[in-house]
Amino acid sequence: MRALAFAWRSLLRRGGRSALGIVGIAAAGALMFDMLLLSRGLLVSVRELLDAFGFDVRVLASEGIPQSRLPIEHALETARALSALPEVASAVPFRIGEAEVAADSDRPDEVALFAVGATTRRIWTVVDGRDLSGREDDALDVVVNHRLAERMNAGPGTSLELRGRCSATPSILPPITVRIAGVATFPFDSGAQLTMASRFEVLDRLCERPAGEADLIMVASRPESGPDAAVDAIRKARPDLYTFSNDEVIERFERVGFSYFRQISTALAIVTLSFGIVLITVLLTVSVNQRLGEIAALRAIGFSRHRMAADVLWESALLVGIGGLAAIPLGMALSIWLDAILRSLPGVPATLHFFVFEPRVLWLYAGLLTGVALGAAIYPMWLVTRLPIAGTLRREFVS
Amino acid sequence: MVSAGASRVRSISRVLFVVGLIVGFGHALPSAITVNDTQPDPPAVLFSRQLLAARHLQVGDVVELSGDPSGANPQQFRIAGSYEPMPDPIRVTSERLEARLHLPDLLRLTGDPDNPQDDDSLSAISVKLRRPEDAEAFARDWSARVPAIGVRSSGGGETEHNPFEVLSRFHQAIASLTVITGAVFLLALMVLLADERRETIGTLRLIGLTRARVLAQVLLEGAIIAGAGAIFGVALAALTEGVFNAFFQWRYDTSLIFVRVTPSIAWRSIAVAIPLGMAASVLASWALVRSNTLTLVRR
């Protein structure tokens, strides 16, 4: 009988104990699987968000946290100059602000306002009505997200009164009336966020900022050039600006912003790995100790040391393998729950996920489980191979 | 917190930015400059420990700061001391390159000479109430009285969207999953333990101990094993608390405390572990206790 079949029958013979081992591995494996999903999930998700609309290069006036960044002056002209580079397909200046709209309640609602230079490439998808246009008559048109449209009970063609909120306080400039051109979905929207996009003219009239300033310029490189060539070209053309490809943004984010989740996932993966190794080691060791006579007898009738060690290894592999397979759907289900908890963090875009599946997770998971199976089998295999045949048989029969 | 003046917020952030720029890139200014003895002593400034270390500055050095993002119109300051920035979990991954100036110095540094109101403008006033529980009502009242300023309570609130509440819920979820995994592990050990003692239980039953008596013994054993394990776990956590904190404080260059084993956490761990241990031992021994006595002793 082959070692695998022999190990399988051994496990069946001790069904209850084997089931416990499998359940233990499934529980530990599910947690480990989740930690692997978490270990790079946010990075993958952020990457998808950054890549979502085809912009693969960001241009800023300075580094640092968003609150302390310098604005890009003459952004429209700068964007036009960047668009003229052969490596660049389009360059869109963005300005980010806040405004207040008066709803039914006593307190006005805060709205995140994205102002863009006139262009055809957007970071939103219009689902009702029309998009912003470049016509002079439409300068005060806006597109809003579903939540804002519902909140204001408004739709395409409706007018809204906006007051600027350019810092912690409302602007002293008078409110302006804007017209909703369309309703759109915004990928960076958080759960409860009210969002609006407009042309620069709206923010220019709402806030006391110099006209034509942008917070960043998003650039789409030409497919034949790629983002790295576009970054090089922009750096050469405008060395005073800070230019990053999405890869560089992600690399930076991984270095500073993401380390907490990477560390917690590493720590918990190690804990669950240790759980798995100790559990299976204990189960196999007790099993071997209870079968010393049987193992000695098998050795006496000609089973080699290697063969007996292989039996133990297969038992370990079967326990870990079956438990590990059961852990995958369990882990996926748990990850939905854990992801929902983390996504309730304020300001997290609704499309962002912390637990993200990617094929490499399966390979890594399989590798770690293989390590568990091997690690757990080492001590019981050592016991089996070192077992003195005659002494054990004598002791077993005498007892 | 009472806030006013849009431009002031930008100015102050620009000051910090310029400090960051000077420190981060080192093009605008040398790290320390020599001051002529005949000049009046520059005003004092405090630099964060991180800023001092990043630019290899020391207390007593004279530096130039500018309120202009371009570094124009710099003013000299003498570093009077360094301070440890208030630990802030939200900014744990940010470099704390910060400086503290006297308010008149900051106003002079950031103010627009053409705007006389700049000398009398602030970005925020922190207010400490006699009755902190009135903070929300105070904020509402003052927002209504002076519409041009924003007044809000600085308390984070225990709402479900507070980031620390969310992270706490995530940690609790992870902890409960770890406990479940640990419980399965414990159950497996108890099953093995019970199996090993099959004959002992049979003998105890043969000499007259009732099932309830044997079960009580098993229950007590489970409680002792789980209690000992929990105490060991709490002691291990308390012992390694300092190691974890030291590592993460080094990693993030902060004085933030990451791990703290409080009495409440210790008691909660023990309170969860003991019932779990008892339940696992009863579950593991239930079949044996209910088995035929002769079967147990293999007769």
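**Exercise 1.** State how chain A of this predicted model is divided into domains, and work out which classes of residue form the side of domain 1 that touches domain 2.

*Solution.* Chain A is divided into domain 1, which comprises 3-49 + 259-398, and domain 2, which covers 62-240. The C-alpha centres of these two domains of chain A lie 51 Å apart. Turning to the contact itself, 7 residues of domain 1 of chain A meet 5 residues of domain 2 of chain A. On the domain 1 side of that contact in chain A, 5 residues are nonpolar and 2 are polar, with no charged residue present.

**Exercise 2.** Compare the end-to-end reach of helix α10 of chain A with the expected value, and locate its kink.

*Solution.* Helix α10 of chain A, residues 305-343, has 39 residues, and its reach of 53 Å from first C-alpha to last is close to the 57 Å expected at 1.5 Å a residue. The kink, of about 30°, lies at I328(A), shortly before the proline P329(A).

**Exercise 3.** Describe how α10(A) packs against helix α5 of chain B, residues 163-196.

*Solution.* The two axes come within 8 Å and cross at roughly 160°. Because this angle is over 145 degrees, α10(A) counts as roughly antiparallel to α5(B). From α10(A) the contact takes L334(A), L338(A), I341(A) and L342(A), while α5(B) supplies V166(B), R169(B), F170(B), A173(B) and L177(B). By class, these residues divide into 8 nonpolar, no polar and 1 charged.

Methods
Residues numbered from 1 in each chain as written. Chains lettered and ligands numbered in written order. Predicted model: local features only at pLDDT ≥ 70, side-chain atom pairs only at ≥ 80, totals over all residues. Helix = DSSP H or I, 4+ residues; strand = E, 2+ residues; numbered from the N terminus. Expected span 1.5 Å × (residues − 1). Bend = angle between axes of the 7 residues up to and from the residue. Axes fitted to C-alpha atoms, helices over the stretch in contact; angles between N-to-C directions. Parallel < 35°, antiparallel > 145°, perpendicular 65-115°, else oblique. Contact = placed C-beta atoms within 7 Å. Nonpolar A, V, L, I, M, F, W, Y, C, P; charged D, E, K, R; others polar. Domains from an automatic or database assignment.
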